[in-house]
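I opened my notebook to look up a few residues and the packing around them. Here are my entries, in the order I made them.

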Amino acid sequence: MIRVLFVLFFVYTVIYLFQMGISLCISIYRLEKYKKNKTLNRKLFPIAFTKRIPVSVIIPAYNEAACITETIEALFEEDYLNLEIIVVDDGSNDNTESLVVKRFGLIEEPVMSESELKTKPILRQYRKVFDKKTLVLIHKENGGKSDALNCGLNICHSPYCVMLDADTKVQRGSIRIMMSCFLMNPKTIVCAGAVGSENLKNYPKLPFLKKALVVFQILEYYRTFYMQRIMFDHINANIIVSGAFAMFDTDLVKRVGGYQVNTIGEDMELTMRLHAFCASQGKEYHIAYVPEAKCMTQLPFTYKDYYHQRRRWHIGLLQSLKFHKYMLGNKNYGWAGITSGTFFILYELLAPFLEIIGVVTLIAANLLDILNLQFTIQAAILYTLIVIWIQVILVSAVNRYKVEPINGKQRWILFLISIFEIVFFHPLNIVIKIIATAMNYWHRKSWEHIQRIETNR
């Protein structure tokens with residue numbers, strides 16, 4: 001029995017390393033392609049600009065006074081002209097509403113009475129037109145993030161909408177890049193962008209372990225947005241579109257019923273539902289990912305906030321896979337069902353338990369003299385070196401192609417954290433995921449607020 005478990009764990013680990021290697025190769029290929037096509041892209045991107053296709057940006061907010069005005073100001077600096085910014089204040093009990101009204105001089109208007117998607121009642125509504133951009137503020141009863149997004153969809157009348165987190169600043173030109181993706185490929189129904197971290201200088205002075213937490217998340221975001229998402233985009237198999245920054249076909253999102261309010265993984269659930277809907281309708285579609293479209297967000301810098309965020313993410317993953325289990329391994333849903341579904345079950349959902357079983361198996365195999373201790377240590381060192389080597393190449397590639405420039409000091413910090421991750425952060429994530437799995441039936445659907453850095457002037 002121990003021999004069989006060891007072989008299965010060995011195969012499981014080799015497949016994971018193989019997947020990382022394939023992801024890295026595809027990532028470098030795509031990044032090289034982006035670099036070569038940079039001049040061409042600059043010629044194509046203005047198509048969206050000149051056509052002035054209306055776009056709405058929906059920002060759900062709950063107690064976001066610390067960062068909301070800077071998020072809005074970043075959108076005013078965006079070079080896309082025909083932009084409607086819709087901030088949905090989901091019953092905040094801080095001064096989010098009054099801060100936005102005062103800062104931008106908004107004027108109260110009659111509350112919208114008709115709505116396509118059912119949401120909690122709107123209490124107050126404000127609007128002001130700034131040249132080619134419009135800012136709308138909705139203050140409604142608290143109903144959660146999904147409810148706030150649906151409220152924004154009811155207000156939105158643009159053919160395309162961008163979902164943006166309240167602590168996320170869009171980099172100039174990114175909305176135009178997303179729109180060009182829709183124009184260049186009519187099959188596109190969603191276009192997601194890359195999410196990066198605020199510069200470390202913007203975080204307060206932190207002790208080593210907290211700073212290490214932030215840097216670890218930066219490295220993790222690199223793997224997610226410059227390896228995994230690029231690989232799955234290559235085969236139209238992304239089943240997660242980050243809720244922090246993505247553009248949608250508004251009509252299609254409304255046709256599938258908007259966001260589900262009975263899940264806390266609303267971004268993944270909607271993405272899987274869009275896959276399922278288009279596949280069932282026989283519609284040719286593409287859920288695109290463009291790492292050139294970027295935004296910067298604030299990462300948790302306390303372990304309490306990190307725990308809450310990751311617990312929430314894992315519960316959302318579990319719920320989404322449960323809701324759409326009919327897709328998993330089903331060829332009728334293309335590579336999204338065959339590859340992505342299998343990957344997220346084996347290497348996200350079940351990973352904590354499989355890894356614990358694997359480690360226990362290795363210990364038992366050594367105690368029973370089935371394995372040689374020296375061989376086990378050598379295999380563990382080899383695995384660690386391969387993972388670090390892949391991450392070193394990834395960080396270097398991201399820097400080489402100027403997707404997200406990194407200076408020499410930052411590169412060395414990322415390399416060192418990749419070693420620290422294996423002995424500390426990875427085990428920490430295993431514990432959090434196990435707790436999240438156990439808490440699935442007792443979770444809260446309300447907002448789980450994390451500490452923000454005060455950025456408003």
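**Entry: Q309**

I looked up Q309 and found it in helix 11, which spans residues 303–323. The model I am reading is a predicted one. Is Q309 buried or exposed? I noted a relative accessibility of 13% for Q309. Buried means under 20%. Q309 therefore counts as buried.

Next I listed the contacts of Q309. I left aside neighbours within four places in sequence. Q217 and P300 are what Q309 is in contact with. I also checked Q309 against L299, ten residues apart from it along the chain. Their C-alpha atoms are separated by 9.8 Å.

**Entry: R273**

I moved on to R273. I found R273 in helix 10, residues 266–280. Its relative accessibility is 11%, so R273 counts as buried too.

What does the side chain of R273 reach at 2.5 Å? I traced it to the backbone oxygen of V256. I then found a polar contact between the side chains of R273 and E269, at 2.7 Å.

I wrote down what R273 touches, not counting residues up to four places away in sequence. The list is V256, G257, G258, Y259, Q260 and H324. I took G257 from that list and checked the spacing. R273 and G257 are 16 residues apart in sequence. In space they are 9.7 Å apart, C-alpha to C-alpha.

**Entry: helix 10 and helix 11**

My two residues sit in helix 11 and helix 10. I looked up how these helices pack. Their angle is about 25 degrees, and their axes are 8 Å apart. Angles under 35 degrees count as roughly parallel. That is why I call helix 10 roughly parallel to helix 11. I recorded the crossing of the two as right-handed.

Which residues meet here? From helix 10 I noted E266, M268, E269 and M272. From helix 11 I noted R312, L317, S320, L321 and F323. E269 was already in my notes, for its polar contact with R273.

**Entry: helix 4 and helix 5**

I looked up another pair. Helix 4 covers residues 68–76, and helix 5 covers residues 96–104. They pack at about 40 degrees, with axes 10 Å apart. Helix 4 and helix 5 are therefore oblique to each other. I noted a right-handed crossing for this pair. Helix 4 makes the contact with I68, T69, I72, E73 and F76. Helix 5 brings T96, L99, V100, R103 and F104.

**Entry: the nonpolar core**

How many residues does the largest nonpolar core have? I read off 125. Those with the most contacts inside it are V55, I58, I59, I175, M247 and F248. Helix 8, residues 208–234, gives the most to this core, with 15 residues.

Terms used. Residues are numbered from 1 along each chain as its sequence is written. This is a predicted model: local features need pLDDT of at least 70, side-chain atom pairs count only at pLDDT 80 or more; totals for chains, interfaces and linings use all residues. Side-chain values use heavy atoms; hydrogens and water are left out. A nonpolar core is a set of buried Ala, Val, Leu, Ile, Met, Phe, Trp, Tyr and Cys residues joined through side-chain atoms within 4.5 Å. Buried means under 20% relative accessible area, exposed over 50%, partly exposed in between (1.4 Å probe, protein chains only). Helices (H or I, at least four residues) and strands (E, at least two) are DSSP runs, numbered from the N terminus. Contact means heavy atoms within 4.5 Å. A polar contact is a pair of N or O atoms within 3.5 Å; within protein, one must be able to donate a hydrogen and the other to accept it, and residues adjacent in sequence count only if both atoms are side-chain atoms. Axes are lines fitted to C-alpha atoms, for helices over the stretch in contact, and angles run from 0 to 180 degrees between N-to-C directions. Angles under 35 degrees count as roughly parallel, over 145 as roughly antiparallel, 65 to 115 as roughly perpendicular and the rest as oblique. A crossing is left-handed if the near helix is turned anticlockwise from the far one by less than a right angle, and right-handed if clockwise.
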